[in-house]
Amino acid sequence: MTEREQSPTGAPGGTGDWREQTTPGIQPVRGAPGDSGTGYGSGYGSGPGYGSGPGFSGGQGSGSGYGAGSGPDYSISGAGGAGAALGGAGASTTTPEYSTRPVSVRRADTFASLLLILAGLAAAVSLLLRWLPGSDLTGWDLVQRGFDELEDGVGRLIDTGFWQPMAVVLGGGVLFVLGLLVVLPAKTHRFLGVLALLVSLVAAAGVLVPLANTGWDLDQVDTGFWFAVAVPVFGLLGALKAMFTGPRRR
């Protein structure tokens, strides 16, 4: 027996009664005045499909399908439950977890490091050369004499004037170490620049005081002394470069 033969008789076409028995809750198509279009059974036609009562309006079908029926609401802008969910009610925008503001980047100050290292090398070269014309004393001999005078006290060292080569040579050694530290990556090297500035000022005093005592007569100094002059010059330039170079931001 076919499905047409199983449908009870007595109803027009037997279609409505057959749907009531096989599909619970779905009502048969009932023609009504003003219906437009053609239905397609319980799918796109007369059943409780995607109706445009509050659903997708303007479709085809005479029942509650895509036509003008009263099916459940799946609209985006409708007032139904699914329409409110699909319409974005309660939807929230996501924010990025990272900050969009620029951050400081750790980097090395190679130019300041080069200047400070040159100051240390100039101090090392001055140890091998004579500071005063007509004297066989090298910079190394003058520094040794300074340590000998220091054993009798700081006052004795200052009175003899041997603190001047000690300030230049030892200051150059400190500047060399600071030059190695400045080449390490950091957000800023201002602290090391301040230290280099103080050491350079002490070294500068070690070369300016003897020049002032000789009446700024450049004939009273020899080659080693000019390398000693280069120590505070390179030191000051490297210190200023490290101090005034701000952090790089991305």
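**Close-up views of a helix pair and a pocket**

**View 1. Helices α4 and α9 are therefore roughly antiparallel to each other (an angle over 145 degrees).** This is a predicted model, in which local features need pLDDT of at least 70 and side-chain atom pairs count only at pLDDT 80 or more, while totals for chains, interfaces and linings use all residues. Residues are numbered from 1 along each chain as its sequence is written, and side-chain values use heavy atoms, with hydrogens and water left out. Helix α4 spans residues 110–126 and helix α9 residues 223–244 (helices being DSSP runs of H or I, at least four residues, numbered from the N terminus). The two pack at an angle of about 165°, and their axes lie 8 Å apart (lines fitted to C-alpha atoms over the stretch in contact, with angles from 0 to 180 degrees between N-to-C directions).

**View 2. The contact of α4 with α9 (heavy atoms within 4.5 Å) has 17 nonpolar, 4 polar and 1 charged residues.** From α4, the contact is made by F111, A112, L115, L116, L118, A119, A122, A123, V125 and S126. Helix α9 contributes G224, F227, A228, A230, V231, F234, G235, L237, G238, A239, K241 and A242. Asp, Glu, Lys and Arg count as charged; Ala, Val, Leu, Ile, Met, Phe, Trp, Tyr, Cys and Pro as nonpolar; the others, Gly among them, as polar.

**View 3. The largest pocket is lined by 16 residues.** L132, G161, Q164, P165 and P210 lie nearest its centre. Helices α7 (163–182) and α8 (190–213) are the elements that give two or more residues to this lining, and α8 supplies the largest share, 4 residues. By class, the lining has 9 nonpolar, 7 polar and no charged residues. A pocket is an open set of points on a 1 Å grid over the protein atoms alone, where a 1.4 Å probe fits, with protein on both sides within 12 Å along at least five of seven lines; lining residues have an atom within 4 Å of a point.

Notes: Parallel < 35°, antiparallel > 145°, perpendicular 65-115°, else oblique.
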